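Subject: Structure handover and notes

Hello,

Here is the structure, for your files. My notes on it follow below.

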Amino acid sequence: MKKIFLSICLLLTITLSAMAEPYTMFHEYIVQGYRKAQAGYHKEAIEDYTNAIKLDTTNNDELYILRGISRLETKDYNGAYKDFSTAITLNPKTESGYALRARIFIQKGDYKYALKDYSNAISNAPQKPYL
């Protein structure tokens, strides 16, 4: 009986540590990506955010927004557009996704779509006057 109990404890420990590893790495990638972005190393931040997205099990729209911001900083407008659009698909109530995607439309001179995205951003967060 004692051997069975120890075997179960060992199995649980292995299972829990295996489950914890991606969770830990997930958060580590986010933190490292944020630090790199703050230091101006956006290409490296994009890699960290991409790794976090691969490990994400919740389809967190904010990860796509963070990566999209770094892509904006590297002038990868197509990549940023895709990230912000994905964030909007995952969370249609995101004001950040709409406001940031509007910046891309302005860069392209597509003011009609920029206005539409800014309108969506404002309607999703009317309490935020900076939008």
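**Helix packing and core**

α2 and α3 cross in a left-handed sense, where left-handed means that the near helix is turned anticlockwise from the far one by less than a right angle, and right-handed means clockwise. Helices (H or I, at least four residues) and strands (E, at least two) are DSSP runs, numbered from the N terminus.

Before the rest, the conventions. The model is predicted, and local features need pLDDT of at least 70, side-chain atom pairs count only at pLDDT 80 or more, and totals for chains, interfaces and linings use all residues. Residues are numbered from 1 along each chain as its sequence is written, and side-chain values use heavy atoms, with hydrogens and water left out.

**Overall**

The protein chain has six helices and zero strands, in the order α-α-α-α-α-α along the sequence. Of its 131 residues, 32% count as buried (under 20% relative accessible area; exposed is over 50% and partly exposed in between, with a 1.4 Å probe and protein chains only). Among contacts (heavy atoms within 4.5 Å) between residues at least 6 apart in sequence, 39% join residues at least 24 apart.

**α2 with α3**

The axes of α2 and α3 come within 9 Å and cross at roughly 160°. Axes here are lines fitted to C-alpha atoms, for helices over the stretch in contact, and angles run from 0 to 180 degrees between N-to-C directions. α2 is therefore roughly antiparallel to α3 (over 145 degrees; under 35 counts as roughly parallel, 65 to 115 as roughly perpendicular and the rest as oblique). On the α2 side the contact residues are His42, Ala45, Ile46, Tyr49, Thr50, Ala52 and Ile53, and they meet Leu63, Tyr64, Leu66, Arg67, Ser70, Arg71 and Glu73 of α3. By class this contact has eight nonpolar, three polar and three charged residues. For these classes, Ala, Val, Leu, Ile, Met, Phe, Trp, Tyr, Cys and Pro count as nonpolar, Asp, Glu, Lys and Arg as charged, and the others, Gly among them, as polar.

Serine 70 lies in helix α3 and is buried, at 1% relative accessibility. Apart from neighbours within four places in sequence, serine 70 is in contact with Ala37, His42, Ala45, Ile46 and Tyr49. The C-alpha atoms of serine 70 and lysine 36 are separated by 9.7 Å, with the two residues 34 apart along the chain.

**α5 with its neighbours**

α4 and α5 have axes that come within 9 Å and cross at roughly 150°, so they are roughly antiparallel to each other. The crossing of α4 past α5 is left-handed. Among the residues making the contact are Tyr77, Ala80 and Phe84 of α4 and Leu100, Ile104 and Phe105 of α5. The contact of α4 with α5 divides into nine nonpolar, four polar and two charged residues.

α5 and α6 (residues 111-124) pack at an angle of about 165°, with their axes 8 Å apart. That makes α5 roughly antiparallel to α6. This crossing, of α5 past α6, is also given as left-handed.

**The nonpolar core**

The largest nonpolar core has 13 residues, of which Leu63, Leu72 and Phe84 touch the most other members. Such a core is a set of buried Ala, Val, Leu, Ile, Met, Phe, Trp, Tyr and Cys residues joined through side-chain atoms within 4.5 Å. α1 (2-38), α2 (42-55), α3 (61-73), α4 (77-90) and α5 (95-108) each give two or more residues to this core. The largest share, four residues, comes from α3.

Leucine 72, leaving aside neighbours within four places in sequence, is in contact with Tyr77, Ala80, Phe84, Leu100, Arg103 and Ile104. Isoleucine 104, in helix α5, is buried at 0% relative accessibility.

**Two loop residues**

Most residues other than glycine have a negative phi. Asparagine 59 has a positive phi of about 55°; asparagine 59 is in the loop between α2 and α3 and is partly exposed, with a relative accessible area of 49%. Lysine 75 has a positive phi near 65°. Lysine 75 is in the loop between α3 and α4 and counts as exposed, at 59% relative accessibility.

Regards
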